[in-house]
Amino acid sequence: MECLIGIQFNDYVLLAADCNGGRSIISMKDDVDKMFRLSERLAIIVSGESGDTNKFAEFIEQNVQLYKIRHGYELSPYAAANFTRRNQAQSLRSRSPYFVNMLLAGYDANKGQPELYYLDYLGSLMKLPFSVIGYGGYMSLSVLDRHYRPDMAEADGIRLLRTVISEIQKRLVISLSKFRVHRVDRNGVTQLDDIESKLVTP
Amino acid sequence: PTELPQPVKHGLQSGNLRINFNHGTTCLAFKYSNGIVVSVDSRASAGAYIASGTVKKVIEINPFLLGTMAGGAADCQFWQRVLSQECWLYELRNKERISVAAASKLLANILYNYKGYGLSIGTMIVGWDKKGPGLYYVDDDGTRHSGNLFAVGSGSTYAYGVLDTCYRWDMTDDEALELGRRAIYHATYRDIGSGNSNNLYLVKPDGWKFIGNYDTANLHYQYNPVAAE
C-alpha cells in the first residue's frame, strides 16, 4: 500500500514517501514522516510491516551514530548501505525476520557525489539512479525510464517527481494524497514542500 | 484479479488480505484548544452475545495518564497495569513525572517484543505533561502514532464520520464533550460490537476528570425525540 520514491541526480537525491498511516481499510494519520535521518548527509525512507519499520530504522540510525562516536568519522553511504543489508540478510533466516524495505540516500563527501541505494527485506542491495517501492512502481517506473536525465537541476527534478506522483495518483486504486519530500545533497538532508492533491471539501 | 471478500470468522477475507473486525468496541480521543476528550463505549460481546454492558474501557494509569481498551480486554488491562508500574518506577528514579511520549514508547516497545504471539491491543495513551497535551495511538503490531484525533475499534469508522465533519480546534469544554458523546452514540447505533453506555473523560493540565456515564439508549431518544402521544 505504501509508496517510496527515490531519484538520484548529479548533485542531489530526492526522496519521497507517502504520508499514510493506518490499519486495514482505515487511514488513521495523514502526515506520517517515514524518513529517518541516519547522519548529517544520510537518510532512509522505509516501508513494510508496521512496528518493524520503526524499530529497524531506529536500530540502523543508532548504529550509524555509534560508529561516528567510536571512530570519529561518519560511515560512507556505501558502507552504511552494506551494513544495513547485512543486518537484513541475517534477520531473514532468524526466528523472526524484519519485514522492511527501504531506499537509502546519501552524499559521499569524499567522492563528491550523491548516491541512492535500494534495500529490501530479502537482503538485496542495488545502487540505482532511481527506484520506486510499492504498487506505485508499476505506474511510475516507465515514466522515469522515459523522462529521467541525471543532469536535471532542482526545479526540473521536482517537476519529474510531481509527474511520477501524479501518474500514481491517477492510476493506482489506493488514494495516496500526500507525499513528504526530502533532498539529500552536500548541505545535508532538507525537507521540501509536501506534494499533495487537494481533497474534496464539503 | 482480486477475489470478492468472503465472510470469515471475525471479519472478511479476500485472498491473502484479511480484515478483522474482532475489536468489538469504539474508543475515541481528540485534542482541542482547552484539553483532550476521551470517550468510549462499554459493551463486551462474545460473538452475538453481549457478555457485559458495563465494561470500563478507560484505564487510569495514573492521575495524569489514561489508556483506552480495544481488542483483548485482559491484554489491555494487564499490559496497561504493567505500564503504570513502569511509569511509577520512572517517577521514583527521575523525581519527575513521565512524559506521554515516553510512556507510550515504553508500552510500544513492550508490545513489539511480543509481536506475533497473539496479543490483541489497540490503545490510545492520553495525558498532559510539560510539553502540553499528549495523545498517542499504540497497537499490538508495534505501531505508535502521535496525533490530534484517533478512533479505534470496530465502530471507529462510524465515529470518524461524525468527528471528521464536526471537529474544530476552537471548542468550549461543553462543545468538545458533546462531540465526544455524539460520536460514540453514532458508532453504537451502527456497529453491533459497540453499545450500552458511554464513558466520558476530560484531560486538563491538572490531570484527568471523569465526566459521566451516559446510556446510549437514552441518548438515542434525546437526539431523536418522539412526539408525545
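Colleague: How many of the 202 residues of chain A count as buried?

Modeller: Buried means under 20% relative accessible area, exposed over 50%, and partly exposed in between, using a 1.4 Å probe and protein chains only. In this predicted model, 46% of the 202 residues of chain A count as buried.

Colleague: Before we go on, what should I know about the numbering and the confidence limits?

Modeller: Residues are numbered from 1 along each chain as its sequence is written, while chains are lettered from A and ligands numbered from 1 in the order in which they are written. Local features need pLDDT of at least 70, side-chain atom pairs count only at pLDDT 80 or more, and totals for chains, interfaces and linings use all residues, with side-chain values based on heavy atoms and leaving out hydrogens and water.

Colleague: Thanks! Which helices and strands does chain A have?

Modeller: Helices (H or I, at least four residues) and strands (E, at least two) are DSSP runs, numbered from the N terminus. Chain A has four helices and 13 strands. The radius of gyration is taken over C-alpha atoms, and the globule rule is 2.2 Å times the number of residues to the power 0.38. For chain A the radius is 16 Å, close to the 17 Å from the rule for 202 residues, so the chain is as compact as a globular protein of that length.

Colleague: And what share of its contacts join residues at least 24 apart?

Modeller: Contact means heavy atoms within 4.5 Å. Among contacts in chain A between residues at least 6 apart in sequence, 61% join residues at least 24 apart.

Colleague: Which residue does UniProt list for "active site"?

Modeller: UniProt positions are given in the numbering used here, feature names are shortened, and annotations may be inferred rather than shown by experiment. The unreviewed entry lists T25(B). You will find T25(B) in the loop between β3 (17–20) and β4 (27–32) of chain B.

Colleague: Is T25(B) buried or exposed?

Modeller: T25(B) is buried, because its relative accessible area is 3%. Leaving aside neighbours within four places in sequence, its contacts include D41(B), K57(B), M69(B) and D191(B).

Colleague: Which residue has a positive phi of about 50° although it is not a glycine?

Modeller: That is S24(A), in the loop between β3 (21–23) and β4 (26–29) of chain A. S24(A) counts as exposed because its relative accessible area is 54%. In chain B, N196(B) has a positive phi of about 70° and is not a glycine. N196(B) lies in the loop between α4 (173–190) and β14 (197–204), and counts as partly exposed at 26% relative accessibility.
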